[in-house]
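User: Could you walk me through this structure? I'm new to it and would like to go one question at a time.

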Amino acid sequence: MPVEFEKIVVFLSKIAENCRGFHLTFAGKVLKMEITGKIAGGMPAVKEGVDMQEILHNIFLETITYSNRHMSPRNLWIVKQEGRSLMVDTSFQFARDWSVIQNMVKQLGIAYKDLDVFITHDHPDHSGLAPELEELGARILMNPEETRRRADLFHSYLVDEKARIDNLRTVGVTKEDTPEVYDTFMAYTNRAFEELTGKQDFSYTPVHPGEVLSYGEYEFEVVSLKGHTFGQCGLYEPKHRLLFCGDQIMTTIVPIVGSQHTDMKLLSSYMQSLGEMKHRYADCMFLPCHYGPIDDVEKEANRIILGYLDKCDIMRRVLEESGQALTTRDVGVRAYGRSQGPPDYQHFASCTQIWAKTFSCMEYMYEQGFVERFERDGIIYWKTPCN
């Protein structure tokens, strides 16, 4: 949850028994992990070796890793300064993750009333613990555009039944035409909502692209990183050539760009953003929220762009071979080789992310003139111009 849907699956399933450890290396620093035994489910328990590392002057990192292979390691960043300090994103609402953050703040001697928390985007592994930090006095900062046209599982399917039904219909899942998939999905989303624990919403101070946030020696410009989400933002420090880049770019995987709203142009915006990263930020140190440092931004950006173009080409060929108009769900099933509906409860969230990613790819090709789009009874259909 792709990294995002798999993180949401675990979030919804409340799998809090995962172990905590650390990357072996990050920016040249050795981070140790010691296996100490087993816990429930046969997963290894992890004992901390080396905790926080000062990666740059007054910029501290601690990385949480999880024994569940579907969960990407989570980098926690704090910029410690006299006066106000800055945390970049939080983590899941797991007790273990909350303990890590509390320990970091305590070790650095930061009062919560003097802590700003910049949320790059409103996904549960980034904003999950914002409510807890807010209650302790921290100030939460986020781009208000992030609350528009959300496509994540929580806001699109769990908290609003009408939105859930509308989003299912958009991709081609309806009570009338696909009753089995529809009923299964409704049951799974109801169960997931009932299993949610902890406060989900938080208040925040709006920040916008172009604003400058000052923390001692660091002057961070808020920059738009639209694509992974509608309002994702990063923090660019021109003097020290640093970029906190959220989930916009990372090694190992291709970040999800997902939407089920027409004309949002998220994938186009994402391609443009990656192109800008290769030029404006080419000599920056990239500080991502997942995985290790990015030494060659052009290489990683090109890898991601080519990954999306390849997936778009597969989807275009699916349409050509079908010879007829298809729903988003139909295209996604064939492009990803997945079943028509969720095979079980643990994997139902992956369906929503496949549909959202498929929708973004189809929208991108529609903008480029490679496919046509039309709507009937609330369902979006796609076809090639020759069909």
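User: How many salt bridges does a search of the whole structure find?

Analyst: Keep in mind that this is a predicted model. Searching the whole structure turns up a total of 17 salt bridges.

User: Which residue forms a salt bridge with Arg373, and where is that partner in the chain?

Analyst: Arg373 sits in strand 18 (residues 372-376), and the pair links distant parts of the chain, 110 residues apart. The partner lies in the loop between strand 15 (242-244) and helix 8 (266-279). The closest N and O atoms are 3.3 Å apart, and the partner is Asp263.

User: Is Asp263 buried or partly exposed?

Analyst: Buried would need a relative accessible area under 20%, and exposed one over 50%. Asp263 has 48%, so this residue falls in between and is partly exposed.

User: What separates Arg303 and Glu300 along helix 9?

Analyst: These two form a salt bridge, with the closest N and O atoms 2.8 Å apart. Both belong to helix 9 (residues 297-322), where they are three residues apart. That spacing means the separation is about one helical turn.

User: Are helix 8 and helix 11 roughly parallel or roughly perpendicular?

Analyst: Helix 8 and helix 11 (residues 348-368) pack with their axes 7 Å apart, at an angle of about 85°. Angles of 65 to 115 degrees count as roughly perpendicular. So helix 8 is, relative to helix 11, roughly perpendicular.

User: How many nonpolar residues are in the contact of helix 8 with helix 11?

Analyst: On the helix 8 side, Leu267, Ser268 and Met271 take part. They meet Ser360, Cys361, Tyr364, Glu367 and Gln368 in helix 11. By class, the contact has three polar residues and one charged residue, and the number of nonpolar ones is four.

Notes. Residues are numbered from 1 along each chain as its sequence is written. This is a predicted model: local features need pLDDT of at least 70, side-chain atom pairs count only at pLDDT 80 or more; totals for chains, interfaces and linings use all residues. Side-chain values use heavy atoms; hydrogens and water are left out. A salt bridge is a side-chain nitrogen of Lys or Arg within 4 Å of a carboxyl oxygen of Asp or Glu. Helices (H or I, at least four residues) and strands (E, at least two) are DSSP runs, numbered from the N terminus. Buried means under 20% relative accessible area, exposed over 50%, partly exposed in between (1.4 Å probe, protein chains only). Axes are lines fitted to C-alpha atoms, for helices over the stretch in contact, and angles run from 0 to 180 degrees between N-to-C directions. Angles under 35 degrees count as roughly parallel, over 145 as roughly antiparallel, 65 to 115 as roughly perpendicular and the rest as oblique. Contact means heavy atoms within 4.5 Å. Ala, Val, Leu, Ile, Met, Phe, Trp, Tyr, Cys and Pro count as nonpolar, Asp, Glu, Lys and Arg as charged, and the others, Gly among them, as polar.
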